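Some notes on the strands and the nonpolar cores follow. Please read them alongside the model.

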Amino acid sequence: MRKTNWLAAFGVAGALCAASSGSSAQTINYGNDCPGFSGITPTLSASGQVVSGQGYTLSVTGPASTGAVFFAGISNSSWMSIPLPLDITTFGFTGCDLNVSLNVQQGFGLDGTGNFSVPVTGHTAGVSIYLQVLTIDPDLVNFTTLGGLSEGLDVTPLAPSSTALGDVI
């Protein structure tokens, strides 16, 4: 089994980010999602405190025991001069929108209950990174769809605080 270096995959996307977009930590879902053939729509969420240099967890739900791909990008408005969101029905993802630029892609598999989570380290404070998940969930009879996509997830870490537990402020 091949080990995936998630820190490297998301660290590269974080390093690509260069413009500040705010000062408060936030994770915001945006854009359209769509189900795969099974009718299950993949979801993507972040839990834990999203702070630059500190860990938080990305969690995915979708069809059980299937393959999936994380997309990480530096934009949610364009990718190589193509406006986003982009309707990708023509590519076999019926009613689906690509909500992020495709700067980094990382494949993974969902477990037997349709779940996957990975710890990641917060990138540069105040800089958004945009994430989306594609699940491989095809119609193997009519080939009308190849899978589903989650909504986009905008992750903007907070700067680490110099205050420690017990400090008087």
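1. Which residues of strand β9 form its covered face, and which its uncovered one? The model is predicted. In β9, residues 104-109, the covered face holds V104, Q106 and F108. Q105, G107 and G109 make up the uncovered face.

2. β9 has a partner in β4, residues 67-73. The two strands pair in the antiparallel sense, over six bridges. Opposite F108 of β9 stands A68.

3. F108 also belongs to the largest nonpolar core, which has 19 residues. F108, L44, L58, V60, F70 and L131 touch the most other members. Two or more residues come from each of β3 (55-61), β4, β9, β10 (115-121), β11 (129-136) and β13 (152-156). A second core is separate and has 13 residues, including I88, C96, L102 and Y130. In soluble globular proteins, nonpolar side chains tend to be buried together.

4. What does L44 touch, leaving out residues up to four places away in sequence? Its contacts include L58, V60, F70 and L131, which are among the residues touching the most other members of the largest core. L44 also touches N29, S59, Q132, V133, S150 and L153.

5. Now the open sheet. Three strands lie in the order β2-β3-β10, with antiparallel pairing. β2 (43-47) and β10 are the edge strands, each pairing on one side only. From one strand to the next, the twist averages 20°.

6. S47 stands opposite T57 of β3.

Note on methods:
Residues are numbered from 1 along each chain as its sequence is written. This is a predicted model: local features need pLDDT of at least 70, side-chain atom pairs count only at pLDDT 80 or more; totals for chains, interfaces and linings use all residues. Side-chain values use heavy atoms; hydrogens and water are left out. Buried means under 20% relative accessible area, exposed over 50%, partly exposed in between (1.4 Å probe, protein chains only). Helices (H or I, at least four residues) and strands (E, at least two) are DSSP runs, numbered from the N terminus. Two strands pair if DSSP finds at least two bridges between them. A nonpolar core is a set of buried Ala, Val, Leu, Ile, Met, Phe, Trp, Tyr and Cys residues joined through side-chain atoms within 4.5 Å. Contact means heavy atoms within 4.5 Å. Axes are lines fitted to C-alpha atoms, for helices over the stretch in contact, and angles run from 0 to 180 degrees between N-to-C directions.
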